[in-house]
Amino acid sequence: MKLWVKRMTKIGFIILTIVLLFIINGSLFIGNYEINFTEYSMFIQKLIGFDSNITIEKYEMLKSVIFDIRLPRVVAAVLIGASLAISGAAFQAMFVNPLVSPGILGVLSGASFGAALGMVLGWNWFLINISTFSFGMIAVLFALSISLIYSRAKNMIILVLGGIISSSLFSALLSIVKYSADPYDSLPAITYWLMGSLSFSTSNIVWNLTLPMMIGILILLFFSKYLNALSLGDEEAKALGVDTVKVKFIVIVVATFISALSVILAGIIGWIGLIIPHIARLLFGADNKIILPISGLLGAIFLLAVDNTSRIVFSFEIPIGIVTAIIGIPIFIIVLKNAKRGF
Amino acid sequence: MLLIDAKNISFSYHNNQVLDNIDFQLYQGDVLSLVGQNGCGKTTLLKILMGIYKSKGSVKIFSKEIQSYSHKELAKLISYVPQTHQIPFDYTVFDVVLMGRLAHIGLFSNYSLQDKEIAIKCLEKVGISHLKDSIYSKISGGERQLAFIARALVQESKIIFMDEPVTGLDYGNQLKLLKFLKELCLEGYTFVKTTHYPDHALYASNKVMMLQNGKILDVGDINTKLTKENIKKLYDVDVEIISKQNGYKYCIPTL
């Protein structure tokens, strides 16, 4: 690698990490309960063990606002943004197809059906997680098997079509669940949740899912070097010494797993998994060892920034899935213009 | 030394018999050319010998059954130079060449400085170190072929399989590539390549295997087996094989 490219990558990592920390800090500061800056800095001083003039009541108050209300939401946004972007990048490399993402492949629809089903049937939290992941997995396998019927065409669009069919199927199944749901209680809950909203990310759920999602992200990062080989095609990857069946299986399971958990946290948040990897590649080339972590950082930054902006601009809670779609679509059109080749 | 010993290889694809009872031997230092019409099973045979496709019959590599090797172990024994193709991602040439080290690193490790040095050395060896940072999909077909060869060298396996290595190259680059193969052969590499050009087989290889409709038409020493009679049977064209005083042979069509 050219020295400046290498430096750019390093500097890029550092800048994005700083931006993410800055936004996380800002997100803890912004909200309905107004905190002024002196209070915030005094609170931080006290928190890390220095003396400060803050009263005990105020300190406890701030602690509760920041740690119990805002932090879970911020962590959720970071985890969801990173998970969706990294799974998107992994799917794109593995299927040698820059047009796929957890949303396009039907994972999000399948997972939301699984979750809604569990909610309506009154399953416990653990079972709902299992059903969310399982139906996410079924949806992506269904999309894949549709594309395999026509695999000899080797056309990228076929996999996208398979995903669209799978998504529609699970959206239809979801409608059945909604139709049978209690219109005064569970129906509005399911509907709002599926629009994609971080307000459902309560501290309990977030802290339970943080570790599994981080492990999933870490696994995908370790597999990023194999994704490079897979993106040249299966046969070449095998010749390079990659156990393609095993690697593909693990990547599909893990990427689906973390995408499905993001649905549990905040419903369907589309477009991140599709556009963020493209932006990462425009900035840093194609090497997945770099693109996966960069996508993670960019995804987290993007979702947090969108959430903060919509919280500042609108006085009421607007589902973030709607906002990411409205912002994501024009970005995707621009990115697609630069992505050109192959489809 | 016998490197690859395959017996009774048969392979069908969608009820279509692609290969029928093929025996294949590869010895240390061989440059074996696989020739035959389009669709006669040349590429399929390569992929079976690399463990990419599973077939009927037995394939032994270094006298061990191919199934007993992991993909990683096989990649250290045989590397593959595929036909050049488009990749929808903008990898640099260096990224692509470095992938040849994948078989040498573990799940939790990354390419070491040494891996990168090997990659740079091999780029220099094939003469494209100036293209290191170029985007792979934007360089010419010949340069891409060289990048794949560099990747095969980086893999550090002594057997290299090539699928129509000169396809898409201009006349000069075709010959340069063949000359380069001969040089590598002197360094102890063993080659199997598919080719459509009897001339190239005559120039660069010592052995030939002729495939027709998935069966072996003839196999053996290039000088005794690549005759005008065999070429007539294989391609249904009349040719003349001309020997020059320097020992080289040429195949000239007499249309």
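Which residues in α4(A) meet residues in α11(A)? The legends below take up this contact and then a sheet.

This is a predicted model, in which local features need pLDDT of at least 70 and side-chain atom pairs count only at pLDDT 80 or more, while totals for chains, interfaces and linings use all residues. Residues are numbered from 1 along each chain as its sequence is written, and chains are lettered from A and ligands numbered from 1 in the order in which they are written.

**View 1. Helices α4 and α11 of chain A.** Helix α4 (residues 107–120) of chain A packs against helix α11 (residues 244–266) of chain A at an angle of about 55°, their axes 9 Å apart. Helices are DSSP runs of H or I with at least four residues, and strands are runs of E with at least two, numbered from the N terminus. Axes are lines fitted to C-alpha atoms, for helices over the stretch in contact, and angles run from 0 to 180 degrees between N-to-C directions. In α4(A), A:Val107, A:Leu108, A:Ala111, A:Ser112 and A:Ala115 meet A:Thr256, A:Ser259, A:Ala260, A:Val263 and A:Ile264 in α11(A); contact requires C-beta atoms, placed from the backbone, within 7 Å.

**View 2. The sheet of chain B.** An open sheet of 6 strands has the order β6-β7-β8-β3-β9-β10 (chain B), with mixed pairing; two strands pair if DSSP finds at least two bridges between them. Its edge strands, β6 (78–81) and β10 (215–221) of chain B, each pair on one side only. From one strand to the next, the twist averages 15°.

**View 3. Strands β7 and β8 of chain B.** Strand β7 (residues 159–163) of chain B pairs with strand β8 (residues 190–194) of chain B in the parallel sense over 5 bridges. B:Ile160 stands opposite B:Phe191 in β8(B).

Definitions and conventions:
Contact = placed C-beta atoms within 7 Å.
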